[in-house]
Every structure is written in structure tokens, then in C-alpha cells.
Amino acid sequence: MNRLPIEAHLSKAEVFEIVEKFLSELGLKIHSKDMERPWGGFFVLDESQLLKFKSVFFPEIHLSEEQMAQKLSPKFLLVAPGARLSWQYHFRRAELWKLIAGSSSIARSSSDEQGPVSEMNLGEVVSLSKGERHRLIGTTSWGVVAEIWMHTDPENPSDEDDIVRLQDDYARK
């Protein structure tokens, strides 16, 4: 699975360049990218390529026709060594994560109290439930995590406004 040469000493620009080249070589189209996040950043892939994204990165996951018809926001999250995303949850989505390169940890809990931190295993799917508190954490190197949103209410799909931050190292609301 780790076909990306991601190392701790690489700059953010170098990591983004490597991941962008990797996606391009797979024939995946990038809809947008954000290198401005204090914890790293992300790539949003073209929604029309969801089936290809799923078959490459989540082949073990079954999605119904209804789920495939939704906007599932296929993404790659890039978390820097020692950085972490906010302690957060969502009202209208569950998420699937898979570490595809580098190293990362995750904290999870059913309450607002941050749960224990555990190392993510390369190639293992992490299923986050709607409302489950979670945080992606950078460890010793850059972590590259594939993500799919699983909308829990198709009539009111989740979006970037569906983030409830309980704690944030960068003072975001």
C-alpha cells in the first residue's frame, strides 16, 4: 500500500508535490487542494471518479447505489509530523479513513473528553460514526489518509459547515 515515498524531513510543498504526482499517475483528477491548513492540508478529488477512488483505496467497503449517488467528497488528508486536526465531530456524516502512506495516530471517543491515542495501521480502514469525536494526529512523519464521507441524511448532506470543534490547537471555531 505504501507506494508514496513520504518521509518526516520533507517540506509541505514536497509532500504535496509527491501526492499530486501519485494521484495523477493513478489517473485521478484533483478538484481542489488546500495547502494552507496549519496541520497540513488536503486534496479533494473529482466526485465523478468516486468509483475509481473507492476501488483503489477502499475495495473492501461495500457502498449501496444510494450511497454512490451521494456526494461522498473523496479526499486525501495530509497531516504534518507533530501536528493535529481539531478534536471534532459531525451531525450529518460518518467518515471512512485509511492511512495509505507515512504514519498517523487517531484519538476517538463517544464523549467530548478526548479518548486515548492509538496508532493507525497502514491499509486498515477506520470507520468513524456520526457524532463520534475524533482527531487525526501527525506522528513521526507525514501521514496521508484517504477519506470518504458517509452522509447519514441524504436529504440534508454534510458539508464543511458540519464540523463541531471541541478543541483546536489553532484557535479555529
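1. The lining of the largest pocket divides into eight nonpolar, four polar and nine charged residues. Nonpolar covers Ala, Val, Leu, Ile, Met, Phe, Trp, Tyr, Cys and Pro; charged covers Asp, Glu, Lys and Arg; the others, Gly among them, are polar.

2. This is a predicted model: local features need pLDDT of at least 70, side-chain atom pairs count only at pLDDT 80 or more, and totals for chains, interfaces and linings use all residues. Residues are numbered from 1 along each chain as its sequence is written, and side-chain values use heavy atoms, with hydrogens and water left out.

3. The largest pocket has a volume of about 250 Å³. A pocket is an open set of points on a 1 Å grid over the protein atoms alone, where a 1.4 Å probe fits, with protein on both sides within 12 Å along at least five of seven lines; lining residues have an atom within 4 Å of a point. The volume is the space filled by probe spheres set on the points.

4. In total, 21 residues line this pocket, and Trp-39, Leu-85, Gln-88, Glu-160 and Ile-163 lie nearest its centre. Strand 3 (75-79), strand 5 (93-109) and strand 8 (133-151) each give two or more residues. Strand 8 gives the largest share, five residues. Strands are DSSP runs of E, at least two residues; helices are runs of H or I, at least four; both are numbered from the N terminus.

5. Ser-73 sits in the loop between helix 3 (65-69) and strand 3. Its phi is near 50°, positive in a residue other than glycine. Ser-73 is buried, at 3% relative accessible area (buried is under 20%, exposed over 50%, with a 1.4 Å probe and protein chains only).
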